[in-house]
Amino acid sequence: MPWGEPRQARPIVCTRGILHAIDSMRRSVIAGVAALLWTAVSVAVHGQAGPERAVAREILRELIEIPTTADDGATPRAAQAMADRLVAAGFPRDDVRVLNLNPRVGSLVARFRGSEPNRPPILLMAHIDVVPALRADWSVDPWVLLERDGWFYGRGTTDNKAGAAMLVASFVRLKREGWRPRGDIIIALTGDEETTQDSIKWLLKEHRPLVSAGFALNTDSGGIILKNGKPSLFTVQASEKIYADYQLEVTDVGGHSSLARPDNPIYTLAAALQRIAGHQFPLNVTETARLFFERSALVETGQVAADMRAVSLSPPDASAAARLSTQPFYNARLRTTCVATRVDAGHANNALPQSARAVVNCRILPGEATAPVEAAVRRLAGDGVKVTVLYPPTASPPSPLPAPLLNTLERLAAAQWPGVPLAPVMEAGATDGMYTRLAGIPTYAPSALPEDPDDVRAHGRDERVGVEAFYQATEFWYRMIKTFGEDR
Ligand SMILES: [Zn+2]
């Protein structure tokens, strides 16, 4: 299926029905062949020799075993450890910089010099800090890389030390092979993505020439979505939703609860929240969403697949969108959402409340203006409710999705995961990529690591990555760096 403009909606339903029938027959044949290929070719296509695997594993081990939570303050040490490896592999010391935002937050920026200095560089991203993990909460030691039953366990094995290890291992391998890119390729490993994301902002502001690039590839998002344990969709994250918090507050003089009145802050606030609950922001099928649904339809069946196709047409089918919107995961991809997340009201069981407060958390579609969302919250809150901005939205544009880029990624993914469609996705959370996009660097995240929607352990206990999956993703990044470095 070519990448490009949306197909026009066709009014003649029966034609579409026939096309869908042919399409689905073709797909089931493709799926059958793909399953056979998957088993037969998997070893051949992911071929990575023993020594390269050992290097990648050793880098991952070293990173996992340096605890890098915000409390530890050890990201400068982790950045230095990666810098030492790059220098040992032959990178000039001047091209490998450990940049400390402060003594407890460090980042690494390393440059692979190309043969054509005037070409725009490519920026490769990962973060080396992790969220806390308590030994008592885990069944294994989070700060030791443990290989067991085909898994690597340890804090950061998925988020995002695996990514950092894949980048450093690829640079080491490419350098040792005597390879050289055409334009410069830069690795940036940041030290506070999980908390303030100040490092990436600081690098973009204070060290711009070191990280300036034509586009960026981020290891910290996207991935291969597993369905029943098998790869079903290769996702490339190309945009992130915009986060904002609003506080709703109602106050009153209060009084004795024996003298009940029909109006009090809790009732006023409850009515405001009900209006927010009943409000649906307008359908907006972004370019990323359109391609996501178009490609996801290839791995879905029945009504869901039909609805996904219908919503990716131009104009999107409203009733298909309405059906998909009943599922929170799809709804989040089709529109801005706002939802009440906290309530705090009253001061005694036997007193009329003097105040009632709620937090409404909004996730705004990238590319949409943020002011109308705040205006909608204020309008829905109504008279007598004071609305304040608790966490202001930072607009971050979606990255464009040019066909040549998608074709290259699709070709690379198909070589290792044949029969698995590629789809651009929007992340509901936030990564450092939000700031590179804001700085004018289109950013794409094809982590190539498997994601089991029913077993997400990033930030949780017993975080792990499949041993084979880690090596396969490392191979993918090696090939991708080489491909883009040679300009496709
Ligand atoms: Zn992360």
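Residues are numbered from 1 along each chain as its sequence is written, and side-chain values rest on heavy atoms, with hydrogens and water left out. Because the model is predicted, local features need pLDDT of at least 70 and side-chain atom pairs count only at pLDDT 80 or more, whereas totals for chains, interfaces and linings use all residues.

D159 lies in the loop between β5 (151–153) and α4 (161–176) and D220 in the loop between β7 (215–218) and β8 (223–227), so that the pair, 61 residues apart, links distant parts of the chain; helices (H or I, at least four residues) and strands (E, at least two) are DSSP runs, numbered from the N terminus. D159 is buried, with a relative accessible area of 13%, and D220 is likewise counted as buried at 15%, where buried means under 20% relative accessible area, exposed over 50% and partly exposed in between (1.4 Å probe, protein chains only).

The largest nonpolar core has 70 residues, and those with the most contacts inside it are L124, L189, F234 and F470. Such a core is a set of buried Ala, Val, Leu, Ile, Met, Phe, Trp, Tyr and Cys residues joined through side-chain atoms within 4.5 Å. Leaving aside residues up to four places away in sequence, L124 touches residues including L167, F171, L217, W477 and I481, contact meaning heavy atoms within 4.5 Å. A second, separate core of 23 residues includes L248, C362, V377 and V387.

A search of the whole structure finds 2 cavities of 30 Å³ or more. On a 1 Å grid over the protein atoms alone, a cavity is a set of points where a 1.4 Å probe fits but cannot get out, and lining residues have an atom within 4 Å of a point. The largest cavity holds about 50 Å³ of space, and its lining includes H127, N160, D220 and D432. β3 (122–127) and β6 (185–190) are the elements that give two or more residues to this lining, and β3 gives the most, with 3 residues.

Turning to the backbone, the peptide bond from D159 to N160 is cis, with omega near 0 degrees, and N160 is found in the loop between β5 and α4. A cis peptide bond also joins S314 and P315, with omega about -5 degrees. Positive phi values occur at N228, near 50 degrees, and at A448, near 70 degrees. N228 counts as exposed at 80% relative accessibility, whereas A448 is buried at 1%.

Methods
On a 1 Å grid over the protein atoms alone, a cavity is a set of points where a 1.4 Å probe fits but cannot get out, and a pocket is an open set with protein on both sides within 12 Å along at least five of seven lines; lining residues have an atom within 4 Å of a point. Grid points are joined across faces, edges and corners, and a volume is the space filled by probe spheres set on the points.
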